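Dear colleague,

I am handing over the structure below, and I would be glad if you kept it open while you read the notes that follow.

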Amino acid sequence: MNQKLRIGTRKGLFVYERTGKGQWRCGVPDFLGDPVSMVLRDPRNGNKYTALNLGHFGVKLHRAESGSREWTEIDAPKFPKSGDEDGPAVDLIWELVPGGADQPDTLWAGTIPGGLFKSTDRGESWTLIEPLWNRPERANWFGGGYDKPGIHSICVHPNNTRCVRLAISCGGVWESQDAGDTWTQTGQGLRAAFLPPDQAYNPVSQDPHRMVSCPASPDHMWIQHHNGIFRSDDGGHRWTEITDVPPSVFGFAVAVHPQDPNTAWFAPAIKDERRVPVDGKLIINRTRDGGKSFTALSNGLPQGPAYDLTYRHSLDVDDSGDILAFGSTTGGLWVSEDQGDHWQCLSEHLPPIYVVRFDKHF
Amino acid sequence: MATVTFTNNLKRYLSCPPQAVPAGTVAEALQRVFADNARLAGYILDDQDRLRKNIAIFVDGQMVQDRLHLTDALQPDSEVHVLQALSGG
C-alpha cells in the first residue's frame, strides 16, 4: 500500500500519495475552501476523519469509511447544555486520536475550550470527560495563542489503553490511569519563563505547545513548550529541560521516531512575538541522542529569506521512522525520506497548513 | 404559516429548502424546521442552543432583537430569513 500524507489546511484537505521513491502525487482536494483543523486515519479500521471549523456555521466532523472518499457528516463533540448564558461551546477540534487496539470503536478528541471528549462508536456520538472538565485547577488554565485554553495533544498508552496523557495550552500536562475517570496533574520540571519567577514551575500554568510519546516506548515523551524543549522518561511525570539548542529552542511542533525514543525532530523559530525562522533560514532540528546534541537539517530547505512557520500539528513522521513531512503557515510542504538529511518541496502554494499526518498502520 | 428561508451558502453543506411552518416566535419556527432536519440545527445554534455569533435572522425585514432566546414574534405570514454575516479570507 502506498504511503499517504494528509494535509489539513485553511482551505481544505489535500492528500499526497507516495507512488515511488521521491515521487508524491497530490489528489483532488476534499472540502475545498473549508478550514480543516484536524485529520485522522484510524489504523485499526481504515476509517478517515476530518474536522472542520466552518466559522459562521461552527465545528463539524466528517467520516469516510475505509477505502472510500465519500464523506458523511457525523456528530461533532459538543458540550452538554449548562443552562448558563455563558455556557461552553466547542470552538475547535484540535486533536483527534484513536483509542487502543482493544477499544476498536473508541476515539478521543481534544477541543478549544479545554474539553476532552470520548466516542465509543467511531464518532457517532461524543461524551465530555467531566472529571477533567470539573477539576478545580481548570480555573487557572488560560489561552495561549487562542483566547481560550485547548487540548492539542492526547497520548493513549498502546500497552495500557486506560492510561491517557494529554497536554493543554495553557494548562500543563495531565494523566488518567482509569480511562478518564480520574485525573492527575503531572509535568513536574516544566518551566514557564512567561510567569512570575515564583510561579515558573507551577505545573498548571505551563504552555506545552505539543507533546508526543514514542509508540515503542510510550513512557518516553517529548514536549515542544513555549519556553523550550523538554523530555521525560517516566510518562510525563518529571521533565528535563534541554537548553542551548541553536538556532532556537522555541517552536510549536515535535515528532518522535516510532521505535527510537532518543530520536526526535523540531521546527525552530524566533521566540516569540515574531515567530519566523531564525535569520530567515528554514531548518528542522534533529536529535538522535535524547537531546544531548542536535543537528540542524537544511538540505533542500529554503535558506532565506523564508518566513514559514510550522504549527504544532504540522510535523510528522511515518511508521518507518524514515519519512518525515512538515508544512507551513505560508503553504510550503516538504518531505524527507531519510530522516531529514535531504528534503524535497512538494508545494510552495498550498493554503496555510494546520495539520500534517501520515496514515499510520499500527 | 411563516416561511423560513436559509442563506444559500448553507447549500454547500446540507439541504435546507424554505419551509412554511406554524409558529408564534422565531424560536418556535426554528424548532419546527429542525424537527425534520436535526443536522441543520448545529449550523445555526451552538452547543448551548444560542444563535451562532455570525448568524443573523431577519423577520419581515427587521433584524431580530432577542438573539438569546429568539422570542421575537411572528405574524401568520411572516418571512423569516436566516443569513450569515460576511467575512474575509
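In this predicted model, 15 residues of chain B are in contact with 14 residues of chain A. The side of chain B that touches chain A receives its greatest contribution from α2(B), which gives three residues, and the residues on that side divide into five nonpolar, five polar and five charged.

Within chain B, please look at helix α1, which spans residues 26-36 and in which B:V26, B:A29, B:L30 and B:V33 are buried. These residues cover an arc of only 95° around the axis, and therefore they lie on the same side of α1(B). Among the elements that cover the buried residues of α1(B) are β1 (2-6), β2 (19-21), α2 (38-44), β3 (55-59) and β5 (79-84) of chain B.

Turning to the nonpolar cores, the largest has 90 residues, and of these A:I93, A:V254 and A:A255 touch the most other members. If neighbours within four places in sequence are left aside, the residues in contact with A:I93 are A:S37, A:M38, A:A51, A:V59, A:L61, A:A76, A:P77, A:A109 and A:T111. There is also a second, separate core of 21 residues, which includes B:A2, B:A29, B:Y43 and B:I55.

Finally, chain A holds an open sheet of four strands in the order β12-β13-β14-β15, with antiparallel pairing. Its edge strands, each of which pairs on one side only, are β12 (150-156) and β15 (184-185) of chain A. Strand β14 (residues 172-176) of chain A is joined to β15(A) by two bridges, and A:W174 stands opposite A:Q185 in β15(A).

With best wishes

Note on methods: Residues are numbered from 1 along each chain as its sequence is written. Chains are lettered from A and ligands numbered from 1 in the order in which they are written. This is a predicted model: local features need pLDDT of at least 70, side-chain atom pairs count only at pLDDT 80 or more; totals for chains, interfaces and linings use all residues. A residue is buried if 20 or more other C-beta atoms lie within 10 Å of its own, exposed if 12 or fewer, and partly exposed in between; C-beta atoms are placed from the backbone. The arc is that of the directions from the helix axis to the C-beta atoms. Two residues are in contact if their C-beta atoms, placed from the backbone, lie within 7 Å. Ala, Val, Leu, Ile, Met, Phe, Trp, Tyr, Cys and Pro count as nonpolar, Asp, Glu, Lys and Arg as charged, and the others, Gly among them, as polar. A nonpolar core is a set of buried Ala, Val, Leu, Ile, Met, Phe, Trp, Tyr and Cys residues joined through C-beta atoms within 7 Å. Two strands pair if DSSP finds at least two bridges between them.
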